[in-house]
Amino acid sequence: MYPDIEKLKTILVQQDYVSEADSNLAAANSKDSTTYLEYLLNNDLLTVSLVGQAIAESYNLPYADLQAQPPSAEAIRLIPIKIAREARVIAIKQVENNVTIATDNPTNKNLKGAISNVLKGKVVRITYTLPDHLDESLLSYDEELETKFSEIIKSGKKVAPEIINAIIKDSGRYKASDIHFEPQHDTVYIRFRIDGSLRQAGTMSREQYETVLNRIKIESGMRIDEHYNAQDGSMQLINGSTGVDLRVSLIPTVHGEKIVMRVLRSFLHGFNLESIGLSQKNMAYIQEFSKRPYGMLIVSGPTGSGKTTTLYTALKLLNHPDVNVTTIEDPVEIRVKGVNQIEVKEHIGLTFAKGLRSIVRQDPDVILVGEIRDEETAVISVNAALTGHLLLTTFHANNASTAIPRLLNMGVEPFLVASTLNIVIAQRLVRKICEHCRISMTLDEAMTEYADNHELMRFFTAKDHVFKGKGCASCNNSGYRGRTAIFEMIVMSPELQTLIMNGTQPSAHQILEVATKNGFTSMFEDGIDKVKQGMTT
């Protein structure tokens with residue numbers, strides 16, 4: 001656990017990790033130590049490793065960065081799972097008779113007694129680690145969900161809420177973006193989408209699922225007596241001082257009602273233009289856009305390609321106390337202080353188009369439209385960008401060059417597109433190689449590894465390095481940890497404006513030809529660059 005907010009302020013200011021002015025501003029925008037740190041991290045006033053170092057110094061202890069140096073499997077087994085979880089401690093290294101342990105709560109009175117019983121005769125060195133990093137390391141002990149369900153049932157507690165909490169907690173540890181409940185003939189599968197791939201997390205009986213299903217329906221505002229129609233809802237679970245927002249979708253299948261929960265990010269934890277995967281050239285384009293008085297930025301790509309994250313990362317450049325930022329979204333996935341956020345509610349008539357019309361009358365400087373779905377929204381958005389507003393939005397298109405013809409097909413006048421559209425971005429998400437187990441390969445080894453993809457290898461020379469993850473406890477032996485995006489970006493130029501306004505609708509191929517002459521880099525080329533940098537495979 002983190003120290004309380006007042007103690008954190010004292011630690012960081014007295015040790016010159018942040019200025020008093022920045023600390024006070026963060027505290028004014030926070031309700032607890034977690035949101036206080038989030039503010040500092042999100043505004044690039046501090047890094048995660050510096051937070052750990054500062055708190056460790058306040059305890060007069062060394063800092064153990066368990067992400068940079070994960071504990072060995074042999075060391076972990078020195079402390080039994082029950083004691084490790086109760087005392088919030090993990091053994092990270094053993095050299096002969098010396099054992100190094102890490103905890104996020106070194107003032108815990110029970111810590112010394114807990115470890116002295118299991119590490120008898122050992123010389124114990126205590127270090128401090130961050131709570132999130134400790135939770136991830138404790139995953140090495142993790143029990144199967146089925147075991148947790150059995151313990152919950154035996155405990156006599158309220159079964160459905162406890163089972164749901166156990167599943168949500170597990171999904172958080174693995175940083176899952178979606179949770180799937182999939183009923184089959186005689187059982188129900190629970191699967192997590194982690195870094196874009198679905199993984200089996202556990203199973204439960206049909207009887208257990210019925211109680212869980214009803215609980216989820218109630219919590220997310222669905223009808224419990226409806227079993228044959230699709231339903232949508234949302235719910236929030238409070239875990240300590242933090243909440244988890246979930247968007248819930250339910251559909252009837254031949255074996256019962258299937259649920260998918262989308263885990264919504266409530267903040268942009270330390271995201272900036274570089275951390276989401278933008279190259280220096282593409283970052284410069286967005287920074288230039290943020291300085292303009294009006295215009296339009298479109299991010300395109302399929303569902304789940306990280307468009308919203310890119311929009312909000314760009315929005316961070318524009319969100320200042322002297323700027324009125326208003327958004328309309330369906331739903332609001334990322335809540336940001338200082339931004340007026342509106343959620344679409346079509347059942348009461350609050351659509352993107354109607355909401356956008358009202359926003360324009362609210363004296364905005366910057367407008368974010370969650371998605372352009374129809375002609376009416378497209379026309380209002382473009383006109384808003386023409387009349388002195390910066391407008392950011394998403395759009396479903398396969399690549400940057402097809403977004404412009406699609407916008408014209410929706411009935412937007414060519415002269416409006418040419419005069420308001422500044423940047424079109426297209427993106428996809430790719431898995432990042434785990435930094436803890438990343439190893440390099442020779443070109444010959446890579447040719448063997450990717451034998452079915454020799455066409456790719458022609459982009460590499462003997463001087464290039466190719467990497468992969470061999471698998472470790474930190475990445476659940478997958479070789480991957482986290483995701484990044486690959487991008488392509490078309491920036492409006494005089495040549496492109498002429499092409500759009502020449503009287504005949506330009507094709508995606510024509511737009512691409514003009515963009516290429518102006519230094520356009522495709523998503524494929526950006527991906528190859530990230531392979532050479534050792535970011536992905």
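**Entry 1: helix H21**

I began with what covers the buried residues of H21, and the cover includes helix H16 (400–409), strand S18 (480–491) and helix H20 (494–500). This is a predicted model, so I note its limits: local features need pLDDT of at least 70, side-chain atom pairs count only at pLDDT 80 or more, and totals for chains, interfaces and linings use all residues. Residues are numbered from 1 along each chain as its sequence is written, and side-chain values use heavy atoms, with hydrogens and water left out.

My terms come next. Helices (H or I, at least four residues) and strands (E, at least two) are DSSP runs, numbered from the N terminus. Buried is under 20% relative accessible area, exposed is over 50%, and partly exposed is in between (1.4 Å probe, protein chains only). Contact is heavy atoms within 4.5 Å.

H21 spans residues 508–517, and I found Ile511, Val514 and Ala515 buried in it. These residues sit on the same side of H21, because they cover an arc of only 100 degrees around the axis. I take the arc from the directions from the helix axis to the C-beta atoms. On the face turned away from the buried side I found the exposed residues His509 and Lys517. Gly519 follows H21 and has a positive phi, near 95 degrees.

**Entry 2: helix H14**

I then looked up H14 (residues 352–360). Its buried residues are Phe352, Ala353, Gly355, Leu356 and Ile359. Seen down the axis of H14, they fall within an arc of 165 degrees, so they line one face of the helix. What do the buried residues of H14 pack against? I listed strand S11 (325–329), strand S12 (339–343), strand S13 (366–369) and helix H15 (375–386).

**Entry 3: H1 against H4**

I checked how helix H1 (residues 5–14) meets helix H4 (residues 48–58). Their axes come within 10 Å and cross at roughly 100 degrees. Axes are lines fitted to C-alpha atoms, for helices over the stretch in contact, and angles run from 0 to 180 degrees between N-to-C directions. H1 and H4 are therefore roughly perpendicular to each other. That label covers 65 to 115 degrees; under 35 is roughly parallel, over 145 roughly antiparallel, and the rest oblique.

On the H1 side I found Leu8, Ile11 and Leu12, which meet Ala54, Ile55 and Ser58 in H4. By class, this contact of H1 with H4 has five nonpolar, one polar and no charged residues. Ala, Val, Leu, Ile, Met, Phe, Trp, Tyr, Cys and Pro count as nonpolar, Asp, Glu, Lys and Arg as charged, and the others, Gly among them, as polar.

**Entry 4: positive phi in loops**

I looked at Asp16, in the loop between H1 and helix H2 (20–28). Asp16 is not a glycine, yet its phi is positive, about 60 degrees. Is Asp16 buried or exposed? Asp16 is exposed, with a relative accessible area of 68%.

Asn60 sits in the loop between H4 and helix H5 (73–76). Its phi is also positive, near 55 degrees, in a residue other than glycine. Asn60 counts as exposed at 72% relative accessibility.

**Entry 5: residues in strands**

I found His180 in strand S4 (residues 178–183). His180 is buried, with a relative accessible area of 10%. Its side chain makes a polar contact with the side chain of Lys258 (3.5 Å). A polar contact is a pair of N or O atoms within 3.5 Å; within protein, one must be able to donate a hydrogen and the other to accept it, and residues adjacent in sequence count only if both atoms are side-chain atoms. Beyond four places in sequence, the contacts of His180 include Tyr189, Arg191 and Leu198.

Ala91 is in strand S1 (residues 89–95) and is buried at 0% relative accessibility.

Ser300 belongs to strand S10 (residues 295–300). Ser300 counts as buried, at 0% relative accessibility. Leaving aside neighbours within four places in sequence, its contacts include Lys307, Phe395 and Gln427.

**Entry 6: Gly527**

Gly527 counts as buried, at 13% relative accessibility. Leaving aside neighbours within four places in sequence, Gly527 is in contact with Ile486 and Thr536.
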